Amino acid sequence: MKKLSQVFCLFLGALYLFSALCGLPALALGETSSNVPAAKPQSLAEWPAGPSLEAEAGILIDAKTGTVLFEKNADEQLYPASITKLMTALLVLENVPMSDVVTFSYEAVSSIEYDSSNIGLSDGEQLTVEDCMYALLLKSANEVANGLAEHVAGSMDAFAEMMNNRARQLGCTNTHFVNAHGLHNENHYSSCHDMALIMRELIHNEAFIRFSASDIYTIEPTDKYPEPRYLPQSHKMLTQSEYTYEGTVTGKNGYTPEAGNTLVTYASRGDMELIAVSMKSNWKHYSDTIAMFNYGFDNFTSYNMADADIPALSEMDFLSPSQKVFDTSAADFSLSDDGWVILPNGVDTASLESSLSLNAASSSNKIADITYSYQGVPLGYGSLLLADNNHERFDFNAHTPKAQSDTEDKQQADDQKNENGKAGSQTPNNGESDNQKPGKNPIAGFFSNMVSKVSDNPWLLAQAAGGVFLLFLFSLLIRKLWRLWKRRPPQNPTLVRARQARKDFRRRYRRRHKRFRRESETMERR
């Protein structure tokens with residue numbers, strides 16, 4: 001038993017060392033990992049106090065960085081109502097051209113509630129996808145959402161599955177869609193934070209901004225409907241009303257009795273771009289959204305970090321190896337133009353901390369991702385780019401010292417004599433052979449190369465030592481196992497004879513049974 005325990009401990013030690021060398025998680029017996037949630041910006045002492053909302057849930061995020069500036073029950077699962085159509089619009093814009101023609105089925109136009117938002121389409125009526133997008137986002141037409149779902153995915157159920165898959169790709173964790181329009185269903189829900197992520201993806205699409213921000217749009221008469229259909233803007237922060245707000249770019253509203261008022265809005269002022277979401281409100285969704293926008297624009301500033309001085313860049317070792325003093329292939333590094341950080345007023349960018357994460361798998365010129373943090377809280381992101389350096393450098397390959405040039409000329413002359421047969425065989429460089437030349441010894445070159453590699457990266461020496469130690473432990477393990485195998489207790493001779501007797505008895509029994517069966521068959525035939 002003692003020997004088995006020793007072998008087991010040896011095996012665990014080898015496995016632990018192997019996992020450490022390979023970069024795998026080490027075995028920690030008796031310890032359990034705990035997921036520590038990341039600190040939120042609202043935990044910072046410098047973070048300004050947020051507004052008071054009437055709605056049950058709300059959120060304000062910076063559109064460029066995704067930083068949450070303010071939240072109230074932002075991850076609570078609530079009914080989204082017609083802001084569901086933002087995901088519908090995203091999938092349509094990503095999958096079909098605007099010139100496609102949508103033919104509305106009977107199920108698409110008849111499966112919605114008769115008193116819900118619609119534009120009065122008939123079975124078999126046709127509209128372009130562009131017309132449908134205006135009807136979807138301005139009029140919030142539910143039968144249009146059904147028709148687009150069937151056109152994109154073939155069926156409304158398949159489209160709902162596409163919606164859920166796309167939501168997971170965007171990082172939505174509290175969302176589940178069962179239809180394209182948002183009419184009430186107990187299994188159809190989302191959260192303020194998830195809807196903000198969907199809107200953040202949409203605002204980069206110029207077609208979406210054009211459709212959703214229009215003041216009015218007219219759908220021309222069709223063969224099923226002889227009159228034009230007028231689609232006015234329904235978002236009151238985009239129209240002349242008491243809720244008109246400077247900087248509002250686009251948005252989508254919704255309402256059902258179960259969901260209450262829901263609203264998603266995108267606004268921009270200068271370098272600041274904000275997204276506000278309000279859910280389950282009692283007709284206070286516009287005032288809550290304005291309060292969140294005022295809070296964001298009045299208390300925060302957005303900074304472009306393209307020209308920022310980041311100490312971490314000069315401290316990273318991976319920036320220096322390819323930039324030798326006389327290296328002709330040296331490269332320049334620059335910060336991406338889309339690197340932004342949002343800070344409370346009064347906090348300077350000089351107080352930011354930056355961390356780099358290498359992006360070796362990227363096929364583009366982006367080599368690292370940068371995270372900007374303040375007191376350990378991420379507030380912005382950017383990228384480190386690899387740029388070609390066109391500065392002229394001194395090329396030593398094109399310049400040869402005079403002594404070396406004379407030696408090369410003499411060597412060429414000797415080779416020419418050998419070819420013409422005008423002289424006996426001569427060894428270059430004053431009778432020295434190639435193997436005797438300085439720097440031509442392959443063994444010395446191998447060791448010098450190894451020394452240079454180890455000096456550049458001391459971790460290689462540690463890896464080599466670890467590999468040797470691992471082989472030693474493995475050899476000890478094999479030796480222990482072989483000794484245990486050789487020292488196994490011998491078998492009892494009596495038991496061996498008993499087993500052999502049982503085998504012989506079974507063999508004789510089978511033979512007699514076969515002979516008796518053949519004799520019986522012979523008697524029956526007679």
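Here are legends for a few close-up views of this predicted model.

**View 1**
Let's begin with an open space in the protein: the largest pocket has a volume of about 600 Å³. It is lined by 30 residues, and those closest to its centre are S82, S117, G254, Y255 and T256. If you sort the lining by class, you will find 9 nonpolar, 14 polar and 7 charged residues.

**View 1. Elements that line the largest pocket.**
Which elements give two or more residues to the lining of the largest pocket? They are β7 (248-256) and α9 (285-299). The largest share comes from β7, which gives 5 residues to the lining.

**View 2. A salt bridge between two helices, R166 and E94.**
By the rule used here, the count comes to 5 salt bridges, and the next views visit some of these pairs. In this one, the side chains of R166 and E94 meet, with 2.8 Å from N to O. R166 belongs to helix α6 (residues 156-169) and E94 to helix α2 (residues 85-95), so the pair ties together parts that are 72 residues apart in sequence. E94, at 39% relative accessibility, counts as partly exposed.

**View 3. A salt bridge between a strand and a loop, R229 and E125.**
R229 forms a salt bridge with E125, and their closest N and O atoms are 3.0 Å apart. Follow the chain to see where each partner sits: R229 is in strand β6 (residues 229-232), while E125 is in the loop between α3 (106-110) and β4 (126-128). The pair therefore ties together parts that are 104 residues apart in sequence. Both R229 and E125 are buried.

How exposed are they? D504 is partly exposed, with a relative accessible area of 21%, and R507 also counts as partly exposed, at 34%.

**View 4. A network of salt bridges.**
To finish, look again at R166 and E94, this time together with E201. Salt bridges that share partners join E94, R166 and E201 into one network.

Definitions and conventions. Residues are numbered from 1 along each chain as its sequence is written. This is a predicted model: local features need pLDDT of at least 70, side-chain atom pairs count only at pLDDT 80 or more; totals for chains, interfaces and linings use all residues. Side-chain values use heavy atoms; hydrogens and water are left out. On a 1 Å grid over the protein atoms alone, a cavity is a set of points where a 1.4 Å probe fits but cannot get out, and a pocket is an open set with protein on both sides within 12 Å along at least five of seven lines; lining residues have an atom within 4 Å of a point. Grid points are joined across faces, edges and corners, and a volume is the space filled by probe spheres set on the points. Helices (H or I, at least four residues) and strands (E, at least two) are DSSP runs, numbered from the N terminus. Ala, Val, Leu, Ile, Met, Phe, Trp, Tyr, Cys and Pro count as nonpolar, Asp, Glu, Lys and Arg as charged, and the others, Gly among them, as polar. A salt bridge is a side-chain nitrogen of Lys or Arg within 4 Å of a carboxyl oxygen of Asp or Glu. Buried means under 20% relative accessible area, exposed over 50%, partly exposed in between (1.4 Å probe, protein chains only).
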